[in-house]
Structures are given as structure tokens and as C-alpha cells.
Amino acid sequence: MSRWVLMGGGAALFFVFVVIIPLSESRIVGDGEIRENRQLSTSALPNKDATETEIKKALQPVKKVNDHGSKLPVFTLYFGVKDNFDRFIFANEGASDNEVTARFSVNATDMYEARSAMYAADVFTRYVEYKVALANTDAEIDKVLTVSNESTVTDITYAGISLSDVEQKLATRDTLRLSYFSQEEYEYLFSADAAIDARALTRLAIAQDRELSREQKRNEIFGQLNALDEQEKAAFQPTLDMEKINQIKQRYADSESRYQAIAAEFGHHAAERFSALWEAQALWQQRIDAYRKYQQHISASGMKEDARQDALSTYRHTHFSNTEQKRLRVLVDTNS
């Protein structure tokens, strides 16, 4: 199921938001990633060692009484049929397009009433052909974009994702789908993913809306994520959890209250991790503040420029490691 994900940065001091905008069908290629040309649709196809039972599990026919005297069920379209097509393809990794469609046809004949088995094989064959065609179009959407907390998801426009480009590519993909499938087949195969894509497109539009403040964008995006059904929300749970932890941090000033609030929501292990993280963060901030005060003192001392720079350099080497000095220059010196 396609989704564009805004994910929290885990135990990091700041949030890292990731916008993932995959094509819905990219899951066949997904974890195995894209192969060249026609290998795309079959790169994740059935392992020849897969047992007949394992392959048949991917078919899961819809049970329906048939009128032709056959004891086999009739294949009819159903929501989730695309997922089962994908499972069959994954189960046959390494097979060519023709091999995988032939295997599906044989298994469909064994599992479905004859006439409907032909239809099942036809839909599956068109699905594989569609995957191949999709790989050869310019409908691929930028997969991952990372934005640090300094800019946040609300300022995502600077990073180069084009809302109109995403809209155009989604439209191109839909046109391609409808060139292989009827409207009814589209509904069963792609409507769920299309709805998810539409919601993701809405979130991207919110992120790029220059008339909204950063806080308004954040509230609208998280409001939409929280309104998702449980199954779809699961993909965003790390983001939602980090947002809740951030709210707890903002709500409570003292460390004990923060600890208890996080422990009540996420358990004592998480509370201990974030307490240690925030304590280290506070100590680091104290050292930064002390350096800034020393900078101000040196600047007001009347010392010559060379002497001031030597004094600051000595302070940095005395109080900060080499790695910390790099962070210090980014946080303080470049902004002074």
C-alpha cells in the first residue's frame, strides 16, 4: 500500500522528517529495488524452489458457488487482489514474465472454475504487463527527502519536491492503469492506494502552502495523520509517537514530570532514554551559553583582534573536543 511517510527521528535530539513518495506498485520492486526494463516486474518473481502450497497461498480465491457443476470456486475481483498478485510474484523470484504468468495460469486452473480461471489469469497477465510498462515511463516519484528540524516539514518547498510534478506523475500513472484495466478492475486493484496517494498529496500541499504558518502546517499535517484508520496510521506511528513526546517535553518544565508522563504513555525504558537525552541536551546548551558569554566578555575587553581570536581558540580547545568544536562553529560562530 503506497504511503508518503513523515517519520520521527527516533532518539535524536531533533526531529527528522522523511517524506517518502513511492509509486503504489513499487512494492513489487520495492525492497528488491528496480531492475532494468522488463526485469522490473519479474525481478521479485517466484523462487523455483517454492513449494506448490506456498505459491497457492498467494492466490486466495474468493469463495463463491458456481453454476457450472464444478467443485472449484469462481474467481471474482475483490479488494486485496493486487496484494495477492504481488505475493505470487514475490513467491516466484527469478522467473521471467512469461514464466510467472504461465505458473499463475496453471495454479488458477487448479484452484478456480475453468471460465473464471481464464479471467484470473488474464487480469494477472495484464498486471505484470502494466508493471513492466510502468517501469518504462517517467512516472517515478522522488523516493526520499530528508529535512532537518531547522527547516522542518513545513518548509519543504526549498528542498526541490514539486507539487505539480508529483500531481502530473500520479496522473500519468492513473492513465497507464486505465489503459490496462477497466474502471471496475481499477477500483479493486488500485482505489485503496489512490486514496492514500490523495491524502499524501494533501499533506504535501499543506507543507508547501506559504500562507500557513509553520505551526499551522504542523497542526494540519498531524491532524490528518491522527485521523487515519488504524491500519494506515501504523506506518506513521513513529512520527506520531515522537510528536507526542515532543508535546510532553513542551508541556512539562521539570524532568520528573516529563519522565512520569512519558513512562505512563510509552513505558519506563522510553522515559529513561529521553530523560538521559534531554539531560545531555541541557548540559550541552549550558556549555554553549558559557562560550557565548565568554565571547561577549572578550569582545568587550578591548583586546586586539588577534588576541581575541587566540583567547577564543584556547577556550574552545580547553572546553570542547574536536568534534564538539565543529558543532560549536556551526551553532555559534557562523551566527555571531
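Guide: What follows is a set of questions about labels, each answered with a value and a rule.

Visitor: What kind of model is this, and which rules apply to it?

Guide: This is a predicted model, where local features need pLDDT of at least 70, side-chain atom pairs count only at pLDDT 80 or more, and totals for chains, interfaces and linings use all residues. Residues are numbered from 1 along each chain as its sequence is written, and side-chain values use heavy atoms, with hydrogens and water left out.

Visitor: How do you know how confident the predictor is in the chain?

Guide: Look at pLDDT, the predictor's confidence in each residue, from 0 to 100. Its mean over the chain is 76. Of the residues, 71% reach 70 or more.

Visitor: Which elements have the lowest and the highest mean pLDDT?

Guide: Helix α2 (residues 39-42) has the lowest, at 31. Helix α6 (residues 114-135) has the highest, at 94. Helices here are DSSP runs of H or I with at least four residues, strands are runs of E with at least two, and both are numbered from the N terminus. The chain has 15 helices and two strands.

Visitor: Where does pLDDT stay under 50?

Guide: One stretch is residues 1-58. The model has 198 contacts there beyond four places in sequence. A contact means heavy atoms within 4.5 Å. Another stretch is residues 142-159, with 47 such contacts. Where pLDDT is low, the predicted coordinates should not be read in detail.

Visitor: What makes a group of residues a nonpolar core?

Guide: The members must be buried Ala, Val, Leu, Ile, Met, Phe, Trp, Tyr or Cys residues, joined through side-chain atoms within 4.5 Å. The largest such core has 28 residues. Phe85, Phe104 and Phe124 touch the most other members. Helices α4 (81-90), α5 (97-111), α6 and α8 (183-207) each give two or more residues to this core. Helix α6 gives the most, with ten. A second, separate core has eleven residues, including Tyr259 and Phe274.

Visitor: Why is Lys233 called buried?

Guide: Buried means under 20% relative accessible area, exposed means over 50%, and partly exposed lies in between (1.4 Å probe, protein chains only). Lys233 has 12% relative accessibility, so Lys233 counts as buried. Across the chain, buried residues make up 42% of the 336 residues.

Visitor: Is Glu230 buried or exposed?

Guide: Glu230 has a relative accessible area of 59%, so Glu230 is exposed.

Visitor: What makes Lys233 and Glu230 a salt bridge?

Guide: The rule asks for a side-chain nitrogen of Lys or Arg within 4 Å of a carboxyl oxygen of Asp or Glu. The closest N and O atoms of Lys233 and Glu230 are 3.8 Å apart, and the pair forms a salt bridge. Both residues belong to helix α10 (residues 230-233) and are three residues apart, so about one helical turn separates them. By this rule, the count comes to 13 salt bridges.

Visitor: How do you know that Glu265 and Lys244 link distant parts of the chain?

Guide: Their closest N and O atoms are 3.3 Å apart, in a salt bridge. Glu265 lies in helix α12 (residues 255-266) and Lys244 in helix α11 (residues 237-251), 21 residues apart, and the pair links distant parts of the chain. Glu265 is at 44% relative accessibility, so Glu265 counts as partly exposed. Lys244 is partly exposed too, with a relative accessible area of 35%.

Visitor: Where do Asp289 and Arg292 lie?

Guide: Both lie in helix α13 (residues 268-299), three residues apart, about one turn of the helix. Asp289 has a relative accessible area of 33%, so Asp289 is partly exposed. Arg292, at 31%, also counts as partly exposed. Elsewhere, salt bridges that share partners join Lys82, Asp86 and Asp193 into one network.

Visitor: Why is Asp122 called partly exposed?

Guide: Asp122 has a relative accessible area of 36%, so Asp122 is partly exposed. Asp122 lies in helix α6. The C-alpha atoms of Asp122 and Phe104 are separated by 9.8 Å.
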